[in-house]
Amino acid sequence: MGLSAISAAMPTGSINTGLDYVILSKALDTVEQDGDALTKMMEAAVTGLGGQIDIRA
């Protein structure tokens, strides 16, 4: 829901609450995308890990 839709649906006193909601929602989306990217980077870093075992007696 965009800011214009929120501000049209709410009384004047609660527009700030709607704006807070939009900003927090966008911040959450950004954090989720960053987390997904970090997970992919970590998975790519461990490719082939444990494929060889060096044993010496």
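The structure is a predicted model, in which local features need pLDDT of at least 70 and side-chain atom pairs count only at pLDDT 80 or more, whereas totals for chains, interfaces and linings use all residues. Residues are numbered from 1 along each chain as its sequence is written, and side-chain values use heavy atoms, with hydrogens and water left out.

The protein chain contains two helices and zero strands (DSSP runs numbered from the N terminus, with H or I of at least four residues for helices and E of at least two for strands). Of its 57 residues, 4% are buried, where buried means under 20% relative accessible area, exposed over 50%, and partly exposed in between (1.4 Å probe, protein chains only). The chain exposes about 5,200 Å², of which carbon and sulfur atoms supply 61%.

Helix H2 spans residues 15-45 and includes Met42, which is exposed, with a relative accessible area of 52%. Together with Leu38 and Met41, Met42 makes a nonpolar surface patch of about 340 Å²; patches are made of residues with over 30% relative accessible area and no salt bridge, like charges being joined within 9 Å and nonpolar side chains within 5 Å. A salt bridge here is a side-chain nitrogen of Lys or Arg within 4 Å of a carboxyl oxygen of Asp or Glu.

Glu32 also lies in helix H2 and is partly exposed, at 45% relative accessible area. On the surface, Glu32 gathers with Asp29, Asp34 and Asp36 in a patch of negative charge.

Methods
Areas by Shrake-Rupley, 256 points an atom, 1.4 Å probe, with all protein chains shown as cover. Lys, Arg positive; Asp, Glu negative; His and termini not counted. Charge placed at Lys NZ, Arg CZ, Asp CG, Glu CD.
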